[in-house]
Amino acid sequence: MTATMTPETLFDTLKDVRLGGTTCLYPIDKCAELTPLINDINRLKKEKNAVILVHSYVSPEIVYGVADFVGDSYGLAKDAMSTDADVIVFVAVKFMGETAKILNPDKEVLIPSELNGCTLADSLSGDDVRRLREEHPNHTFVCYINTTADVKAECDVCVTSSNVNDIIQKIPNDKIYFLPDKLMGRNLIEEMKRRGVDKEIKLWHGTCYVHEEYDPDTVQYLRDAHPGLQVLSHPECSPGVLHLSDYVGSTSQLLNYMQENAPETVLMLTECGITSRLQVEMPHIKFVGSCSMCRYMKSNTLEDIRRVLDAPREQDTIRIDEETRRRALTCIEAMFEYVEGR
Ligand code: SF4
């Protein structure tokens, strides 16, 4: 977005963002505070030949104020490859910035948030994978994209929530070590059984603390209380939650499902960013229950984006040694080959 933003245009875009409550989270006075920052960032972006990639879980004023691309980790990784900008500002969490750097070694990749964690990515290290590989030399090591560059460098193929089942099914080895998400792993094991695919799948013990919170009893209670409710969930939720869901998909798949099916009343079991995007883009939908926020994604602010564009510090810049980057790239390219036959 490059046109000058006014408080009125921002308010008009965000006026339906309420998340679990009834009050608009972006009244006109808040929009008036945000617009100078948004306009500063959009000016700096042009001056520096930068592109801003934003995950859907990040706050709406960033998604609708300064983003050039908005999406999930896989989509943003592809967008990162398509840009001819000199600088990529990756507004998400650190492992996603690393993925952009792995794919774009000649570009400067900047990450605005100082709270750059992720409970999944932080649950294991490259050393952990090296040890596991020694213990399980006959297994194919498959990592979810929510992992650090060090972990990807030690694995055979990377997957996302939208392609995990199809890629695991296609891998010729029947011994798989899937990491780090144990809940996605349990869902994967169930799906392989459902497809009649016989594989021994070992799991690491990581979880996403946002998706782990949802429990089947609450889902059933809301289903009973709201006849006709559509329950949509992400595969990082537990198998019990997925059993009660009408549709399961990655962030992008959930958004596509909503656009294609336009259900009236929805329980959205993923990070709040998806609900806020839908409140902007499909304001007639009624959301029940509450959503959960990721403290890491929500720690990104407009102030930090302006700071990294204006005067980036060493800790804002993604650096990966070339050997690790090259090996992690092989792991990501293996995913592209499975998905696209490249
Ligand atoms: S939502 Fe979960 S998986 Fe995504 S960044 Fe936050 S902690 Fe990590």
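Helix α14 has buried residues whose cover includes α3 (60-65), α13 (251-261), β11 and β12, where contact is counted when two C-beta atoms, placed from the backbone, lie within 7 Å. The model is a predicted one, in which local features need pLDDT of at least 70 and side-chain atom pairs count only at pLDDT 80 or more, while totals for chains, interfaces and linings use all residues. Residues are numbered from 1 along each chain as its sequence is written. Helices (H or I, at least four residues) and strands (E, at least two) are DSSP runs numbered from the N terminus.

**Helix α14**

- Because 8 of the 10 residues of α14 (residues 272-281) are buried, this helix is largely enclosed by the rest of the structure; a residue is buried if 20 or more other C-beta atoms, placed from the backbone, lie within 10 Å of its own.
- The buried residues of α14 are Cys272, Gly273, Ile274, Thr275, Ser276, Arg277, Leu278 and Gln279.

**The sheet with β11 and β12**

- An open sheet of 4 strands runs in the order β10-β9-β11-β12 with parallel pairing, and its edge strands, β10 (247-248) and β12 (286-287), each pair on one side only; two strands pair if DSSP finds at least two bridges between them.
- Strand β11 (residues 265-269) pairs with β12 in the parallel sense over 2 bridges, and Val266 has Phe287 in β12 as its bridge partner.

- Strand β3 (residues 87-91) is mostly covered, with 5 of its 5 residues buried.
- In a regular strand the side chains alternate between the two faces of the sheet.
- From β3, Val87, Val89 and Val91 point one way and Ile88 and Phe90 the other way, and all are buried.
- Strand β1 (residues 50-55) pairs with β3 in the parallel sense over 5 bridges, with Val54 standing opposite Val91 in β3.
- Strand β4 (residues 108-110) also pairs with β3 in the parallel sense, over 3 bridges, and Leu110 in β4 is the bridge partner of Val89.

**Helices α4 and α5**

- The axes of helix α4 (residues 73-82) and α5 come within 9 Å and cross at roughly 35 degrees, the axes being lines fitted to C-alpha atoms over the stretch in contact, with angles from 0 to 180 degrees between N-to-C directions.
- The contact is made by Ser73, Leu76, Ala77, Ala80 and Met81 of α4 together with Met96, Thr99, Ala100 and Leu103 of α5.

Notes
Buried ≥ 20, exposed ≤ 12 C-beta atoms within 10 Å, placed from the backbone.
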